[in-house]
Amino acid sequence: MRVVSSGAGWIRFADAKRIGLACGIGMLALAPGAAPAQGLPRLDITALGMHADARVVRPGQIFHVIVHVHVREKRDRLDELVLPALTNAVDLGDERRRVPGPDGTDFYETLTVTASTVGSASFSPAYIDAIDPASGRALRFSSQPLTVRVASGTAVEDADPGALMRLLRRAVLFAGGLLVLLAFGIVALVRLRRRPPPVIQPAPPPAARKVAPPADPLREAVRAYRSQRDGAALDVLRNALFARAGAAAGGTFADALNALGSRDPQLARVMAVAERARFGPDHERAPAARDLIALLDAYLPEREPVG
Amino acid sequence: MNTPHAVRDALARTIVGQPEVVDGLVMGLLADGHVLLEGMPGVAKTLACRSLAAAVGGIFKRVQFTPDLLPSDIVGTRIFDQRSGEFVTVRGPLFANVVLADEINRAPAKVQSALLEGMQERRATIGPDTFALPRPFAVLATMNPFDADGTYALPLAQLDRFLINVRVGYPSREDERAIVNRFSAAEAEPERDVATLADVERWQAEVRAVHLNDRVRDYAVDLVRATRGARYVASGASPRAALALAILARARAYLDGRAFAVPDDVRELAPNVLRHRVAFDYRLAIDGGDGDAVLAEIIAGVPAP
């Protein structure tokens, strides 16, 4: 009924349809083999395996042991799985992952472990106890045991022989590549010596990199005021104008004029119109707002559109 | 058509190096209010008042306040005319367009209150008769706050009647040299009749029509309210201070050629409007502080719109 896989140590059940398990861990603990199978949850196990992400580790090195179970049912949890017992290894924690799929549910139990001393760290099989509904017999479905070699230091001889071979192969490939490059370099050098010296054209000056102008609060304020001509937008615009004039935050029109001096009479005019648009009589505000936009269009440098 | 700028220029030509005094007097006139000038002797307080009265024409009366002054010396009295056998009313110096109350704090309280009642009510009662004071009517009072001997301090309630309080400081060295050059040989002669009383009344009406935005009004109110309960302040300014700020902001805008007041009008005028309306407590004297600095801090603490 079961086939033992090679390499990764998977135990694969030949045909889940024929296996048809009804699991009941609590019931099995009480009376294995004697309890009726009716009423127990049904579980079709199609895979139960265990492998490690390293075959050779050093003492203290953290590695992982992964137990994988696939069942045909849509299960939220798999409490029936019994994790392996550890020898010469310390369990640092475990993480359970559930992956639902069209053909059932995969459960991955990842144990984070570290080996204690040089030698080997061994893991007893993970298993699930169940009752075969056909025969009513108690069964234990388990993975194979797992052993990880714990080697001292980082000596090559302690390493995985396969890894050693891979390393050797890479070194040979690297040396070969280096030789090819060297040969190309020699050929190119010989050809260059035979050619007349090339006329070096002066390199064109590098094109000025386009730098995005920093955000201009005044332009932003004008843009906002253009789209929403209300008092709040005008206040923001006034503050931006005052700041442009050199007034401190919270400054007024007079502060801005004092800070501005005679530097920029056009800005002074814009600010004056802004004051009229903000505090003028009701019938003057709309024309003042239009004047303000027109003045700002004329004032802002390069006549760059502001809205 | 005459403008207030003509009056301001005329005053500026006579009063050297005191632009704030000139502006304060003209704005007080435009706002139809009374002005209190405070400063050391000899800084042209009286000359400034005389110059304003001369510039706008009308009747000008000056009263030198002394401890023996009587209310009837200000308001007027009734005397018996032997020829007609009747009591006739003799109006006092209060019946003028511009009244200069020189050293107002040197007269006792009952004289002060007779004057201040006229300032507020704009009428005076002599015997059984009540008379309206002429229009326009402005009291310009001077006071030396540093020489307290023989003075009668004006209570806050009376000081509150003054629309604006202008501090008259010493002129700069350059201005002082100009004063000596111009007036050492001959006494300063104010320029007369630059405008008429009708002009003044028209200006006052136009000032009242200057637009005061709600936010500017609120700013004035907030400034006044900020004086109440402020550090070093024993009693804050009254609502009359907010009214004064509002009308003076309009006057300043008008003088500046604007049909609307801006927050700067309120902020610039606030020290002169609040100074005489705020009473500071003993802690200010203990700490050696200055009332104007406290006011400046209060004003700076209220954000302008």
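A polar contact is a pair of N or O atoms within 3.5 Å; within protein, one must be able to donate a hydrogen and the other to accept it, and residues adjacent in sequence count only if both atoms are side-chain atoms. Between chain B and chain A, 9 residue pairs are in polar contact, both residues at pLDDT 80 or more. The structure is a predicted model, in which local features need pLDDT of at least 70 and side-chain atom pairs count only at pLDDT 80 or more, while totals for chains, interfaces and linings use all residues. Residues are numbered from 1 along each chain as its sequence is written, chains are lettered from A and ligands numbered from 1 in the order in which they are written, and side-chain values use heavy atoms, with hydrogens and water left out.

The rule finds 2 salt bridges across the interface of chain B and chain A (a side-chain nitrogen of Lys or Arg within 4 Å of a carboxyl oxygen of Asp or Glu). A:Asp235 forms a salt bridge with B:Arg215. The closest N and O atoms of A:Asp235 and B:Arg215 are 2.6 Å apart. On the side of chain B that touches chain A, the elements giving two or more residues are helix H9 (214–226) and helix H11 (263–274). Helices (H or I, at least four residues) and strands (E, at least two) are DSSP runs, numbered from the N terminus. H11(B) gives the most to this side, with 3 residues. By class, the side holds 8 nonpolar, 2 polar and 3 charged residues. Here Ala, Val, Leu, Ile, Met, Phe, Trp, Tyr, Cys and Pro count as nonpolar, Asp, Glu, Lys and Arg as charged, and the others, Gly among them, as polar.

Chain B and chain A bury about 1,100 Å² between them, 55% of it on carbon and sulfur atoms (accessible area, 1.4 Å probe, that two parts lose on being put together, summed over both). In chain B, B:Arg215, B:Phe260 and B:Asp264 lose the most area to chain A, together 41% of what that side buries. The contact (heavy atoms within 4.5 Å) takes 13 residues from chain B and 14 residues from chain A.

Helix H2 of chain B covers residues 19–30. Its 12 residues reach 16 Å from first C-alpha to last, close to the 16 Å expected at 1.5 Å a residue (1.5 Å times one less than the number of residues). Because 9 of the 12 residues are buried, H2(B) is largely enclosed by the rest of the structure (buried means under 20% relative accessible area, exposed over 50%, partly exposed in between; 1.4 Å probe, protein chains only). Among the buried residues are B:Val21, B:Leu25 and B:Met27.
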